[in-house]
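Hello,

The structure we talked about is below, and my notes on it follow.

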Amino acid sequence: MPVSPPNLFQFAIENSNDEFANSTDLAILLNAIGSAGKFISSEINRAALRDIFGSAGAANVTGDEQQKLDVIGDNVVAEALLSTGLVCAMSSEENAGLIDCGVAATTGEYVVVYDPVDGSSNIDVAAPIGTIFGIYRRLSEGVRAGDVDILRPGTDMLAAGYVLYGSSTIFAYTSGNGVHFFTLDPTLGDYLLTEENVRSHGSSHVYSANEGNSGKWNDPDLDWVEHVKAEGYSGRYIGALVADFHRNLMKGGIYAYPGDKGSPDGKLRLLFECAPLAFIAEQAGGAATNGTIPIRDIEPTQLHHRTPMYIGNADEVALLKGFHSVNN
Ligand code: AFP
């Protein structure tokens, strides 16, 4: 009889490490996010039927229009993590401040940052979106967790990952021992291992960027994009970072969201989007930079810190960095 692949929980227990307080903690946290992901996946599949397409009628803290599913996803991820009792502090793209963790704010050992529904403008057109997360061990002791526990560089992260809601639902994570993919079997309701130790695909001459913004780009980015086009690169842009990142990880390429003359720090959020994906990229043999320094080295100064980001195949990121160093 064929042996069925391990599920996310089994695999994470067997592949935990000493940085977690208990060997089951990683599995419990990933399982909580995975459960939230199953709920979000099912809501997305039925969004039109359940009238949860479209705007929630408000903007989030960074001014992005909130979709109904942003609000639903935010609550579902928070509740799933709170139910573990392991999380002392949480922050998400949809909240201005820290999410209240109740008594666990003093006793919980972990901090979680997340973007519940990345690429939410894709929801209404049935295009891919995702959930991104990063997990830290707390720093403070004996007090309610606060900014000191959460405003930390990506190099402090114990684990990071994403759930991609595409033609199938993929759960990807790293805890510093490679990147692993699980696929949601909707019949079993379980994430099963489909690829262990994923490696970033070699260069395949693909770039993913919103070139519609290039009228505001700075010289290094303009020179780079002219270069790659002259070299015959293909453009692929889904408009959801998780989906563009996943595509490039599997097929080769670089995702670029530069700062520009109007927004020097770009659009993407360091804590909720960039640092977790940078951890995944590096663990798969890829790279992530703001143009000069690695994304994971950047110290956040506020919860909604933004940064330019270039992420993907290591050779492509090195090529891009060359344009930034020449122009600086
Ligand atoms: P949301 O999480 O608010 O949906 O933002 C999505 C995002 O940050 C990222 O996923 C996309 O790659 C990027 O925005 C798309 O931005 P543009 O619409 O400016 O290309």
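A polar side-chain atom of Glu273 lies 3.0 Å from an oxygen atom of the ligand. This is a polar contact (a pair of N or O atoms within 3.5 Å; within protein, one must be able to donate a hydrogen and the other to accept it, and residues adjacent in sequence count only if both atoms are side-chain atoms). On the backbone side, a polar atom of Leu241 is 2.7 Å from a ligand oxygen, and a polar backbone atom of Gly119 is 2.9 Å from an oxygen of the ligand. Of the 480 Å² of accessible area that the ligand has on its own, the protein covers 85% (Shrake-Rupley method, 1.4 Å probe; for residues, only the protein chains shown count as cover).

Before you read on: this is a predicted model, in which local features need pLDDT of at least 70 and side-chain atom pairs count only at pLDDT 80 or more, while totals for chains, interfaces and linings use all residues. Residues are numbered from 1 along each chain as its sequence is written, and side-chain values use heavy atoms, with hydrogens and water left out.

The ligand shell

There are 18 residues around the ligand, and Asp118, Tyr237, Leu241, Tyr255 and Tyr257 come nearest (a residue is near if one of its heavy atoms lies within 4 Å). Strand E4 (110–118) and strand E12 (254–257) are the elements that give two or more residues to this shell; E4 gives the largest share, 3 residues. Strands here are DSSP runs of at least two residues, numbered from the N terminus. By type, the shell divides into 7 nonpolar, 4 polar and 7 charged residues (Ala, Val, Leu, Ile, Met, Phe, Trp, Tyr, Cys and Pro are nonpolar, Asp, Glu, Lys and Arg charged, the others, Gly among them, polar).

The domains

The chain is assigned domain 1 (8–195) and domain 2 (206–327), with bounds from an automatic or database domain assignment. Each of them supplies at least three residues to the ligand shell. Their centres, taken over C-alpha atoms, are 23 Å apart, and 49 residues of domain 1 are in contact with 32 residues of domain 2 (heavy atoms within 4.5 Å).

Two loop residues

Ser175, between strand E7 (169–174) and strand E8 (179–185), is buried at 4% relative accessible area (buried is under 20%, exposed over 50%, partly exposed in between; 1.4 Å probe, protein chains only). Beyond four places in sequence, its contacts include Asn15, Phe20 and Phe279.

Ile295 sits in the loop between strand E13 (287–289) and strand E14 (309–312) and is buried at 0%. Ile295 and Gly154 are 141 residues apart in sequence but 7.4 Å apart in space, C-alpha to C-alpha.

Regards

Definitions and conventions
Helices (H or I, at least four residues) and strands (E, at least two) are DSSP runs, numbered from the N terminus.
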